[in-house]
Amino acid sequence: MTAKEVLRPVDVAAAAAGAGIPAPGRVRTAADVPELHLAWLAARSARWLVIGDGRAVGTYPADSPAESKDTVVAPGTDETDTDASLLNTWATAFEEVCRTQSRDRHRTGVLLACHLLLSILTEQPSLRHDEADKRLRDRLYGLDWRSGSLALDPFSDRVGRFDGVLRLLESFAAVDSRAGRVALTPLGRWLHEVVRASQVTPSLPAAELVARLVATDNSEEVDVLLAQWAGERDSIGMFTELLRAAADAGPAARDVMVEAVAGHGPEMMPALIAVRDLPTLAAHAADVLFSNGLGDEPDATQTRWLLTEFMLAVLHRHGAQAVLDEVATAGGLTSVVGGGHPNEPELREAIDAILEAGGRPRVLRLKVELNAWRPRPWRRVRIPAAASLGDLHLVIQILFDWDGDHLHAFTTENGLRFGDLDEAEDEHNARLYRALPRAGSRLDYLYDFGASWKHTVTLEAVDFYEAADAVEGKPPRPVCSDGKGDAPVEYWDPEDSEPGSVPFDSEEINKRLAALAGQEG
């Protein structure tokens, strides 16, 4: 398999033959054969293909009752457990394929366009092709600007928007297209009802909205859900209601809601003032209010309480290994406990359990290549897994002797962008273990949008360091272990016949990295 867990190009022809698909010509990627690629993605998301150690294994049982089923249970009727499981598996596979086919940064455009066509067919279950096409275009252009920007261009240039939506829905049997007409199937109707039931409206209980926000990975999606829920509520009243709902909903819920309020600026501070007497929000409120010039600086007890809260949120969202990584870079276990947090025992137990099982904090071995230069220079660096993308930005600046005076941005494999651009996510809250989840994962890093210095960051391997160092708060500093090729001079006189270069000097680079980590000498 490739690093993205799809077929290698060299294996596509054989796989296509085995699946009864006409043999493709030369392909650059498995995605060049959509019939095969979409089926692969669907099977992978359904766990009928399990991928590990670079190989795929089929797990769908030959004697499964699913093979004998040729009907679908209509929504609202009784279902066996097998029926419900099959329907949910089918819906999961559909959503995964839609996300993979989307080109927008949050991978939601194709899914939105498909849901719009299903909604149109729910209103009138059978339409001529041209009428369905027109109604979809009208519905797309009638969206608000944020939603419309996701769905207006989700498909490749060689597939029309309506044709692309129709082909995808047909491949999942959600619509039936014959004799120039498009009709909704029972599967399509069921999917539409599931989607409609999950939509955020102003009547949704605040606690349910908070739960959905916890499952959201980026601030833009949070803003979309908040806008859908707001209705006639004023902003301060809305945030106060949500903060109260989050107060007893756990560390992850409180973290998301306080971050959302802080992200909307000083005018939202009255919402935090209104809830600062709640025990689980008092330290959060003190921290954010102080950063906005309102109130005293949090004391040592509140700071430790917040660190414990943060670690618990990481535990609930990303697991014990991520907590061990975080504790190592936060000053050790003694730095994140002792603030009187009621759930501190849970954190200690999770850390003790993973240490007893032989767990150790992770160090990522990254290869950073400068693409727009020939011959292509590269550097290899080891950096703690809990370092942020903001930390990695500073490291790359040292690796290639950039001066940091220009804008920059990271782009992940799923299209999220982080950096110092206004529309980018906060790079200081993005951890490397999330941005580079497995060996072979990549990031794009662009520095100086004028000169356009493009870099590729690849996770080559995951190493570990001593658990004792993690508990004591002694993570390894970033170290450049290897490299090749001179880096270009950032500023050079165009009148010079040849641009200058900066020779690769690992000793000098590591001196600067040590100083960056505060461990010089």
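Predicted model: local features only at pLDDT ≥ 70, side-chain atom pairs only at ≥ 80, totals over all residues.
Visitor: How many helices and strands are in the protein chain?
Guide: Helices (H or I, at least four residues) and strands (E, at least two) are DSSP runs, numbered from the N terminus. In the protein chain these come to 22 helices and 14 strands.

Visitor: What share of the protein chain counts as buried?
Guide: Buried means under 20% relative accessible area, exposed over 50%, and partly exposed in between (1.4 Å probe, protein chains only). Of the 521 residues, the buried share is 44%.

Visitor: Which elements do the buried residues of α14 pack against?
Guide: Helix α14 spans residues 282–291, and its buried residues are Ala 283, His 284, Ala 285, Ala 286, Val 288 and Leu 289. Those residues pack against α12 (251–263), α13 (269–275) and α15 (300–318), where contact means heavy atoms within 4.5 Å. The elements asked for are α12, α13 and α15.

Visitor: How far apart in sequence are the parts tied together by Arg 380 and Asp 482?
Guide: The side chains of Arg 380 and Asp 482 meet in a salt bridge at 3.2 Å, N to O; the term requires a side-chain nitrogen of Lys or Arg within 4 Å of a carboxyl oxygen of Asp or Glu. Arg 380 lies in strand β7 (residues 378–384) and Asp 482 in strand β12 (residues 479–484), so the parts tied together are 102 residues apart in sequence.

Visitor: Where does Arg 512, the salt-bridge partner of Asp 401, lie?
Guide: The closest N and O atoms of Asp 401 and Arg 512 are 3.0 Å apart. Asp 401 lies in the loop between α19 (389–399) and β8 (408–412), so the pair ties together parts 111 residues apart in sequence. Arg 512 lies in helix α22 (residues 506–516).

Visitor: Which residue is linked with Arg 365 and Arg 382 in a network of salt bridges?
Guide: The structure holds 17 salt bridges. In the network, the residue linked with Arg 365 and Arg 382 is Asp 463.

Note on methods: Residues numbered from 1 in each chain as written. Heavy atoms only, no water.
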